[in-house]
Amino acid sequence: MSTPAILVRELRKYYGSKAAVDGVDLEVPRGSFFGFLGPNGAGKSTTIRMLTGLIPADSGSIEILGFRLPEQDLEIKRRIGLVPDESLLFDRLTGAEFLEFVGRMYGLNRPTAIERAGDLLELFQLQADRKMIGEYSKGMRKRVAMAASLIHHPELFLMDEPFEGVDAVGARLMKDILIDQVKRGATIFLTSHVLEVVERLCDRVAIINDGRIVNSGTLEDLRAGGESLEDAFVRIVGAGHQMERLDWL
């Protein structure tokens, strides 16, 4: 389709007198693996929360998959998969019960939701027993959150630090699944502090700092002279910040 997966214009969000997001413009093409980068407190999570409708924008416009927020929020939510920074899961459900619940919330009939829940538990190497989510490790919680984001076969994934706390085997599994989703035409919008992951997975990147987009484009656009993404990131957001050395250290 001609419309982008995400189209944001002049997006702003204030907390008191401070602008957490200050005039952000974003355009994410469909079928892309898009990395959204920035230092701590730059406005990444606030932006994702506005894109999902979890918090309202103070000004600006948001279009997701051709639908406008907040006017068409239900149409948008039917079509997106979300992996939030915080593991917003139901701790007193098993993994299978939680995935079935999510599938039913997205309109799947019960047999289909149960079947897909079982398939996803096996795919993500999660235990299909009576263990409660409250007993899961952080990495297992991330896996079940990603499994839940997949159950309704969404067109767009919004992922805030999806690999945080996940071991190497789990992270590799999750990366391979996401790559397959992009190959089938889905769009992924991802934040991560692990720049090596972004460099491996993403074809386009935007960098936010102090609530504003300071650079965006393909990885080749950002990496001047063959530098790594980490070098480019530090150059863009950390220029002029020299590390002070301690004589005793």
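Let's start where helix 3 (residues 95-105) passes helix 5 (residues 138-150) in a right-handed crossing. A crossing is right-handed if the near helix is turned clockwise from the far one by less than a right angle, and left-handed if anticlockwise. Helices here are DSSP runs of H or I with at least four residues, strands are runs of E with at least two, and both are numbered from the N terminus. This is a predicted model, in which local features need pLDDT of at least 70 and side-chain atom pairs count only at pLDDT 80 or more, while totals for chains, interfaces and linings use all residues. Residues are numbered from 1 along each chain as its sequence is written, and side-chain values use heavy atoms, with hydrogens and water left out.

Two packed helices are described by the angle between their axes and the distance between the axes. For helix 3 and helix 5, the angle is about 30° and the axes are 9 Å apart. Axes are lines fitted to C-alpha atoms, for helices over the stretch in contact, and angles run from 0 to 180 degrees between N-to-C directions. Helix 3 and helix 5 are therefore roughly parallel to each other; that label covers angles under 35 degrees, with over 145 counting as roughly antiparallel, 65 to 115 as roughly perpendicular and the rest as oblique. On the helix 3 side, the contact (heavy atoms within 4.5 Å) is made by G95, F98, L99 and V102, and on the helix 5 side by V144, A147 and A148. Six of these residues are nonpolar, one is polar and none is charged. Ala, Val, Leu, Ile, Met, Phe, Trp, Tyr, Cys and Pro count as nonpolar, Asp, Glu, Lys and Arg as charged, and the others, Gly among them, as polar.

Helix 3 has another partner. Its axis comes within 8 Å of the axis of helix 4 (residues 110-123), and the two cross at roughly 135°. That makes helix 3 oblique to helix 4. This crossing is right-handed too. Helix 3 brings G95, A96, L99, E100, G103 and R104 to the contact, and helix 4 brings R110, A113, I114, A117, L120 and L121. By class, that gives seven nonpolar, two polar and three charged residues.

Now follow helix 5 to helix 6 (residues 168-183): their axes come within 11 Å and cross at roughly 15°. That makes helix 5 roughly parallel to helix 6. Here the crossing is left-handed. K142, R143, M146 and L150 of helix 5 meet G170, L173, M174, I177, L178 and Q181 of helix 6.

Last, two backbone details. A cis peptide bond, with omega about 0°, joins L69 and P70.
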